[in-house]
Amino acid sequence: MTYAIVYSSRTGNTEMLARAIKEALPQGDCIYFGGPDAKALEADIIYLGFWTDKGSCDESCAEFLKSLSEQKLFLFGTAGFGGAPVYFSQILERVKANLGPGATVTGSFMCQGKMPMSVKERYMQMEDSPRRSAMLANFDAALSHPDAEDLARLRAAVAQAK
Ligand SMILES: Cc1cc2nc3c(=O)[nH]c(=O)nc-3n(C[C@H](O)[C@H](O)[C@H](O)COP(=O)(O)O)c2cc1C
């Protein structure tokens, strides 16, 4: 079964996930690895990776999802906020809303991804409040992600979806 890994990654977190999926799957069956591109549409299954932008996938992934028709799809993504599983579920639902009719989602995975230091600097300039403290704590918690455990859980999700 052929596959394509299509991903968008500004700072490398989602790319780490994309590379882990590629390493876990048979190399000879990969027909495309890279940014959103119509070349990927020929694959039997598409692994689509996104970084979270305003609570959904980034625009390039949204456009790509709209172009799908009858493909099988595994969704994976990273988000700066990661405390609650329900947060990831909400993002995934918004991402799926972009899907063309007929495409089937075989599985999905999300984990937290570190954010640039400029985000922390912005938080630091805010007036002290419980919300600011929570955002700073989340920023620090994100710094180590994606980690080895995230990648192991990703590989397990990919194996289960096949
Ligand atoms: C412009 C911008 C918007 C973002 N919006 C969100 C958001 O709405 N929710 C969230 O959890 N993380 C948000 N993030 C954090 C990124 O989704 C997160 O750091 C992700 O792991 C980046 O992935 P990448 O390294 O593959 O680009 C945002 C980051 C940027 C730069």
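For sorting residues by class, I counted Ala, Val, Leu, Ile, Met, Phe, Trp, Tyr, Cys and Pro as nonpolar, Asp, Glu, Lys and Arg as charged, and the others, Gly among them, as polar. I kept in mind throughout that the model is predicted.

Ligand shell. With those classes I found four nonpolar, ten polar and four charged residues in the shell around the ligand. I then looked up which of the 18 residues around the ligand come nearest, and noted S9, T14, W51, G80 and G113. Turning to the elements that supply the shell, I saw that helix 1 (13-24), strand 3 (45-53) and strand 5 (72-79) each give at least two residues.

Fold. I counted six helices and six strands in the protein, and reading along the sequence I wrote down the pattern β-α-β-β-β-α-β-α-β-α-α-α. Among contacts with a separation of 6 or more, 79% join residues 24 or more positions apart.

Dimensions. I noted that the C-alpha trace spans about 55 × 30 × 25 Å along its principal axes. The radius of gyration is 16 Å, which agrees with the value near 15 Å that a compact globule of 162 residues would have. Of the 162 residues, 33% count as buried.

Is G28 buried or exposed? I recorded G28 as exposed because it has 7 C-beta neighbours inside 10 Å, where 12 or fewer is the cut-off for that label. G28 sits in the loop between helix 1 and strand 2 (30-34), and its C-alpha lies 11 Å from that of A4, with the two residues 24 apart in sequence.

Terms used: Residues numbered from 1 in each chain as written. Predicted model: local features only at pLDDT ≥ 70, side-chain atom pairs only at ≥ 80, totals over all residues. Helix = DSSP H or I, 4+ residues; strand = E, 2+ residues; numbered from the N terminus. Rg over C-alpha atoms; globule rule 2.2 N^0.38 Å. Buried ≥ 20, exposed ≤ 12 C-beta atoms within 10 Å, placed from the backbone. Contact = placed C-beta atoms within 7 Å. Near = placed C-beta within 6 Å.
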